[in-house]
Amino acid sequence: MSNRSRILLLLGLLILASLVSLLVGQHDISPATIVRSMGRSLADLGVDMSSGDDVVLWKIRLPRILAAVVVGAALSVAGTAYQGMFRNPLVSPDILGVSAGAGLGAVLAIYLDFSVRVTQLFAFSGGLLAVTLVCAVAWCARTRSLILALVLSGVAVGSLFASGISLIKILSDPHSQLSSITFWLLGGLNTIGADDVLGALPWITLALAPLVLLRWRMNLLSFEDDEARAMGVDVTRTRIAFIVAATLMTSAVVAISGVIGWVGLVVPHMARFLTGPDFRILLPVSMLSGALFLVVTDTAARTVAPVEIPLGILTAFIGVPFFLVLLVRGGDRR
Amino acid sequence: MTVMDLRALCLGYGKREIGRDITLSIGAGEIVCLLGPNGCGKTTLLKTILGLLPPLEGTLHVNGAPLAAWTRRELARFTGYVPQAHAAVFPFRVEDVVLMGRTAHVGLFGAPGPADRAVARDCLARLGILPLAGRNYMHLSGGERQLVIIARALAQEPAVLVMDEPTASLDFANQIRVLEHMRGLRNRGLSILFTTHQPEHAARTADRVVLMRDGRILGLGAPRDIMTPESLGRLYGLSQETVAENLRLPFPDPRPVSGPGPLPSPTSPAHTENTRKDSRR
């Protein structure tokens, strides 16, 4: 199968999954209703918000599917970029402490009873701050290998921030704050509105630009730094550009969705399994696979049980076995 | 013509000095081999020449211009680097690995096009490994990997190849194959600087040999003139008898084992000229 047809196939599957996701849920909507409602909207007759179907369709399901597409695509691309530039297929976007930083920011904001908007802002800044701190420490400690220094200080700073989260959890009010903290840390798309997604989109687009522009050079980073330099690549600057882009993207997403694990680790593997490691083709394929993965998982999260299952739990339930199967069966074709 | 000119070069990492007083020039279309024990500074010298490590003192001219005046991209089009055969992290196809050598020829935001692909395939064909083009680099044997990495360096279309122990960890046949390819590339005008731990390889392949020990050049000249049991004994800290017993060089020993002669001077342009003419015949 050519790369073009792989991309078209994934796109087709994503559209199909989104349509199915529109239909199913606690409130059943028939395909005919959707076609009628969409037709009215396209004909600019206005959406009838007094109808329950229209409210569920336009205010709840569509924004949520949009969020799943954006969050899934962004986390997967960030994971692919991190894995490539760290030359390590076991790296996830959390490696430099984005999640821990964003988590501490959000938890702090919830503890201080700030609004949802401010909580998002705190999470976004917390993620960026953690990675900046990790990079600064690594830069000062770059005696031999910058990568090793980054990973080590990422682990240390990440666990420091995680301790901060635990501390605030203990201090917080167990009746009101603790439950929202727990829910935020589990991650989910149930509270995301269309305006949250639209707020994160500019950041994600901005972060995507360097990844697209430097797509070929990413391939060279998978060799030793000296080799890549001898082939004419400014390794340090290229790697910094990728770190900034992937971190910005992860922070923007984590701020609106909370910490959704496994997507950024599993999907890059799926994508590499589908098309091989060339970042030029891996970039669109991992975006589409990530969007598809999260649309399917999130639809399952809100339909398989009478109560909604937190998305982070489900991504682990689906992602981990999938990852293990790839690990065992894929060999080094990953 | 001189492609690399090192004068009184002092090398090392930051404050840690590894090599001193390195004076050496590499002409167009000659193979120069660095020979010396582990830790003598061979790799540091290669890194300095590749512009990966700034020289501490002295001057280093590449193609007549000081190294500092070269951008990384320009340098990558003049000097190709062949590291030791290694394992890859991601399963790139052989053709894509070679295509990466084209990076210095495409724009910062660009990607290689059909013309670059043609160059990559041509480089594979020159080394007789075109059938490997579609294979997974991770599944290749050590010898195949080394040839692929040489093809990748050739795709940079360089004037000089810098090779770090190109025959290390290869089997007998692959060692011979790689050395033959090196001579073939030299005959087509490429300059090659390589390191090895096997004096026979230096003797068979190099036009000139640099004997390095403790970061200094002990001697420099044609293998025939400079690779005596006496000088190799001094290089590796062995007795002449041990060297003579264990090493069969492809030319008769010019001097009797018991007669230690003075080493040729490291900087003798006239001598160098003769050497190169000899090797061309």
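Analyst: Let's start with one term: two residues are in contact when their C-beta atoms, placed from the backbone, lie within 7 Å. Keep in mind, too, that this is a predicted model.

User: Thanks! With that term in hand, what share of the contacts in chain B with a separation of 6 or more joins residues 24 or more positions apart?

Analyst: In chain B, 69% of those contacts are between residues 24 or more positions apart.

User: What makes a residue of chain B count as buried, and how many do?

Analyst: A residue is buried if 20 or more other C-beta atoms lie within 10 Å of its own. Of the 281 residues in chain B, 46% count as buried. The secondary structure of chain B comes to 11 helices and 10 strands.

User: Now for a pair of helices in chain A. Why is H3(A) called roughly antiparallel to H11(A)?

Analyst: Good question! Helix H3 (residues 52–85) and helix H11 (residues 235–257) of chain A pack at an angle of about 150 degrees, with 9 Å between their axes. Angles over 145 degrees count as roughly antiparallel, so H3(A) is roughly antiparallel to H11(A). As for handedness, the crossing of H3(A) past H11(A) is left-handed.

User: Which residues meet where H3(A) and H11(A) touch?

Analyst: From H3(A) the residues include Ala67(A), Val71(A), Leu75(A) and Met85(A), and from H11(A) they include Arg239(A), Phe242(A), Met249(A) and Ser257(A). By class, this contact has 14 nonpolar, 2 polar and 1 charged residues. Arg counts as charged, so Arg239(A), one of the residues of H11(A) in this contact, belongs to the charged class.

User: How do you know which parts of chain A are annotated as transmembrane region?

Analyst: That label comes from the UniProt annotation, an unreviewed entry, and the residues it covers include 238–267 and 309–328 of chain A. In the model, residues 238–267 of chain A are 83% helix and 0% strand, with end C-alpha atoms 23 Å apart. Residues 309–328 of chain A are 90% helix and 0% strand, and their end C-alpha atoms lie 28 Å apart.

User: And what does the record say about residues 1–239 of chain B?

Analyst: The unreviewed UniProt entry annotates them as "domain: ABC transporter". In the model, that span of chain B is 34% helix and 26% strand.

User: Last one: how many residues make up the contact between chain A and chain B?

Analyst: Chain A gives 25 residues and chain B gives 25 residues. On the side of chain A, helix H9 (215–220) and helix H10 (225–230) each supply at least two residues. The largest share, 5 residues, comes from H9(A). That side of chain A divides into 9 nonpolar, 4 polar and 12 charged residues.

Terms used
Residues are numbered from 1 along each chain as its sequence is written. Chains are lettered from A and ligands numbered from 1 in the order in which they are written. This is a predicted model: local features need pLDDT of at least 70, side-chain atom pairs count only at pLDDT 80 or more; totals for chains, interfaces and linings use all residues. Helices (H or I, at least four residues) and strands (E, at least two) are DSSP runs, numbered from the N terminus. A residue is buried if 20 or more other C-beta atoms lie within 10 Å of its own, exposed if 12 or fewer, and partly exposed in between; C-beta atoms are placed from the backbone. UniProt positions are given in the numbering used here, feature names are shortened, and annotations may be inferred rather than shown by experiment. Axes are lines fitted to C-alpha atoms, for helices over the stretch in contact, and angles run from 0 to 180 degrees between N-to-C directions. Angles under 35 degrees count as roughly parallel, over 145 as roughly antiparallel, 65 to 115 as roughly perpendicular and the rest as oblique. A crossing is left-handed if the near helix is turned anticlockwise from the far one by less than a right angle, and right-handed if clockwise.
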